[in-house]
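Please look over the structure shown here.

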Amino acid sequence: MRQPGSRWESARRPRWWPCRTSMHPQESPMPRSAVRSPDVIRQARHLLRQGTVAMDMLDPCIGRSWQRCLALGVLPGGTHEIPRLSQTELKDLRDSHDTLLRLSDPLLAALAGELKDCQLVLTSRDATVLKACGRRFSLEPRLDIAAGIQLDERWFGTNAPAVAMFEKAPVLVRSSEHLLFPDNPVSCVAVPLVDPDEHCLGILDLTFDARHRYPEHYLGRLEQVARALKRDMFIQRHETHWVLEIQSDVMAFDGMGAALLAIDEDGVIRGHERQTIAVLGMEIPQGTDIEALLGQPWARLKRQCRDGAELLAIQSLSGTRMARLHAPRRWRGAVAALGRSASASVADDKGRTRPCLDSLVAGWEPQQAREAWRAVRVLKAGLPVLLQGPTGSGKEALARGLHEESGAQGPFVGLNCAAIPESLIEAELFGYVEGAFTGARKGGYRGRLLEANGGTLLLDEIGDMPLSLQARLLRVLQEKVVIPLGEHREVPVTAAIVAASHRHLELEVASGSFREDLYYRLEGVVVELPSLAQQSSLVEQIHELWQRLEQQYQRRVVLAEALLARLAAYPWPGNWRELQHCLETALVGLEPDASRLDLEDLSPRWQRKLMDVTPGSLGQSAPVRPAAEPSDLAIRELTLKHMQKALAAHGGNMSAAARALGISRSTLYRRLEQACR
C-alpha cells in the first residue's frame, strides 16, 4: 500500500518487477504482530523473488520498508554504492546537530559502558551517521558502519535508523529482515530522538549480535534514553522554573513516563510537553494560573517543596493523577534519572550504587536471612518468590538484590499493582497489539511480563491486584505463556516472578480478597522482611546508607556520633523509606561548605522527633521481636465465614460457590469439614 505524499510515491518501479501485496480478503487491515522467525522471513524472501511482498508474514513496518525499497529499485542481490560524506561535509553536518551531540554524549557514554558488546550509532534526521561507538560490526566484508555513511533506504535498503525515520516510532529489524544484507550477523533497534516540541533531532540505533534471545530488551533501553534526552531538554529550557512531574497512565515515577509542566515563581504555567495534555485530558494554555489546576495555594506549595519534591494529587478530566513538584535547579540530569530505571548491574555507571544482598540482610535474624538466600536459589530455578513486610521495609530493594544474586541476564522490571488504575493494569502487565483498544499506542506495547523476559519481574503490592487479573496471572505462572490484548497467539514468558505485599496474604485469602490457588502458587518461599526497629546493627546500616548518599550527591560530610546514636534509637515507623528520606533531605539541604552533620543541622521537625528518643549505647540497640503471626484459629474462623458467605450468595449451590472461591468442589467440602471441627 503506497503512502500518498511520501518521497517514494513518484519513484518508478521496473516494469519487470510487479510489486503486489498478499492479503486474504477476510483478513483485518489492522496491523498485527508477525512471527518473526528466520524460517518465516526466508519464506517471505522466497515470495519476494516472485514479486510478492508477503505483508501477512512480515512485521508491518518491515513490510512497508520492503515496499518502499522495491519502488525505489533497491532489489535483493543487487549491487549498490553506499554514499559517504567527505570530512568537510561531515563536519558541517555535525555542526548543524551540535545540540543533539552535546546533550546525547553523556547518555551514550553511560549506555556504551553498560552495553559493551553492542554498537551505538547516532544519525541525523535523514539517517546519516554522525557518530558510532562501542563494538564495531560489519554487515559484510569491507562494510563497517562509521561516521559519514548514509543509511537511507535508497542506498542501504531496510535498516533500523531508516525505518524509524519513516515510522516515527521505535523499531526492531532482525538480521534476516535487512533487504540487502539477509545473511549479516547482527540485528538492530532504533528510536527517533525528539525535543519537547516533538521535532525529530536524529535517530539512535543499537546494533547487536543476531543470536541474542531478547532483542526487545535493547529496544526498551533505547526508549528510556530517548525519553531521558527529551526530559533533559525540557529541564534545560525551563531551568529557572518550577517543574511539575505528572504520572502518566501506566508508568511509574521512577521510570521515564511522567509528563512535565513548567511554572514560574508567580504560579503561571510557562510550558509543558505535548503528552501532558493526554495525561490530564485537557488543554493547558500558557499563562494559566497553576492554582486552578492544583486546587491549592501556590505560595504554600512552594514552601512545602523548597527542600524536596512533594507528592500531590491532581483532579483532572481523566481522573486523579499523582504528581511531584520540583524547585528550580533541583533536578538531576538524564544520566542520574536513567540510574533509577531497570538495569542489570548492582553498581551502575550513573553515580549511584545499590546495596548487595549481604548488606540488605545484615541486620536480620539468621533464620530470616537464610530464607532470603533460599529465595535466590528458587529464582534461579524459575519459581516465584513472595516478599511480605511492612510499608517502607525495603521490599523492592530486596527484590533487586535477589535478581542480582540469581545471575539473571535479563533486566529487572517493577510494576506497582496499587499505583495503576484497574482499567489499565491488564494492558500494562500483559501488553497489547496495535489497535487493540482506543488509545493503544502505535506498534502496540510488549507489557511488563515480556519486558522482563530473561530477567525478573517484581509485582509490588500484589494484594491490590484485581481478582480477575489474578486468574490470568495464575495461568502465566503455570503455563509460562502470555497472550497480549488483541493477540491470538501465545508468547513464551521466561521472566522469574517476585511478588510483594504489605498485606498478610493468608488473611486476604481467608477473607476472599485474594485467590487461594494463586497464593499457594506464590508461597513456595516466603521472605518476611523485618521492620527497621526489628533489626540489629542499625548503626552500621545507617553508616552504609549515608555513604551511598554521599556518593550519589558527590559530598563528603561526617555524620556526628551523637546524631548517629539518636538515629539508631529512633523507632522509624516508616522504615527504610522514612530513614532514607530523612538522611537524603538533610544532606541535600546542608550548606554547600559544611563538612559535618549535627542534630542542629536538621529541620526543626526532625530535631523535635530525635530529641524525644533516648540514645542507647552506640551500636548496641537490641532487635525487637517480630509481631506475632495471626493464630490458626483466627484464620480458620475467617475462612469459615467467607465460605459460608459464598454459599449463601449462591443459594447453597456448592459448585457455584467453589467456582467463586477459585477452588474445586471437593476442596470446599474438605475445608468446611476442617473448619467445623
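The text below covers the sheet, then the cysteines, then the salt bridges.

This is a predicted model, in which local features need pLDDT of at least 70, side-chain atom pairs count only at pLDDT 80 or more, and totals for chains, interfaces and linings use all residues. Residues are numbered from 1 along each chain as its sequence is written, and side-chain values use heavy atoms, with hydrogens and water left out.

**The sheet**

Strands of a sheet pair through backbone hydrogen bonds, either parallel or antiparallel. Here, 5 strands form an open sheet in the order 4-3-9-8-7, and the pairing is antiparallel. Strand 4 (129–134) and strand 7 (171–173) are the edge strands, each pairing on one side only. From one strand to the next, the twist averages 20 degrees. Strands (E, at least two residues) and helices (H or I, at least four) are DSSP runs, numbered from the N terminus. Two strands pair if DSSP finds at least two bridges between them. Axes are lines fitted to C-alpha atoms, for helices over the stretch in contact, and angles run from 0 to 180 degrees between N-to-C directions.

Strand 8 (residues 186–194) runs antiparallel to strand 9 (residues 200–209), and 9 bridges join them. Serine 187 has phenylalanine 208 of strand 9 as its bridge partner. Cysteine 188 is partnered by threonine 207, also in strand 9. The two strands form a hairpin with 5 residues between them. In that turn, glutamate 198 has a positive phi of about 70 degrees.

Strand 8 also pairs with strand 7, in the antiparallel sense, over 3 bridges. There, valine 171 stands opposite alanine 190 of strand 8.

Is strand 8 covered or open? It is mostly covered, with 9 of its 9 residues buried. Buried means under 20% relative accessible area, exposed means over 50%, and partly exposed lies in between (1.4 Å probe, protein chains only). Both faces are covered. Val186, Cys188, Ala190, Pro192 and Val194 are buried on one side. Ser187, Val189, Val191 and Leu193 are buried on the other.

**The cysteines**

How many disulfides does a search of the whole structure find? The search finds 0. A disulfide is a pair of cysteine sulfur atoms within 2.5 Å. Cysteine 118 is buried, with a relative accessible area of 4%. Cysteine 188 is buried too, at 7%.

**The salt bridges**

Side chains of opposite charge can pair when their charged atoms come close. A search of the whole structure finds 28 salt bridges. A salt bridge is a side-chain nitrogen of Lys or Arg within 4 Å of a carboxyl oxygen of Asp or Glu. The table lists some of them.

| Pair | N to O distance |
|---|---|
| Lysine 302 and glutamate 265 | 3.0 Å |
| Arginine 472 and glutamate 426 | 2.6 Å |
| Arginine 515 and aspartate 517 | 2.6 Å |

Lysine 302 lies in helix 10 (residues 298–305), and glutamate 265 lies in the loop between strand 11 (259–263) and strand 12 (269–272), so the pair ties together parts that are 37 residues apart in sequence. Lysine 302 is buried at 15% relative accessible area, while glutamate 265 is partly exposed at 33%.

Arginine 472 forms its salt bridge with glutamate 426. Arginine 472 sits in helix 17 (residues 467–479) and glutamate 426 in helix 15 (residues 422–430), so this pair ties together parts that are 46 residues apart in sequence. Arginine 472 counts as partly exposed at 25% relative accessibility, and glutamate 426 counts as partly exposed at 27%.

Aspartate 517 is partly exposed, at 23% relative accessibility. Elsewhere, a network of salt bridges links Glu223, Glu428, Arg446, Arg448 and Glu451.
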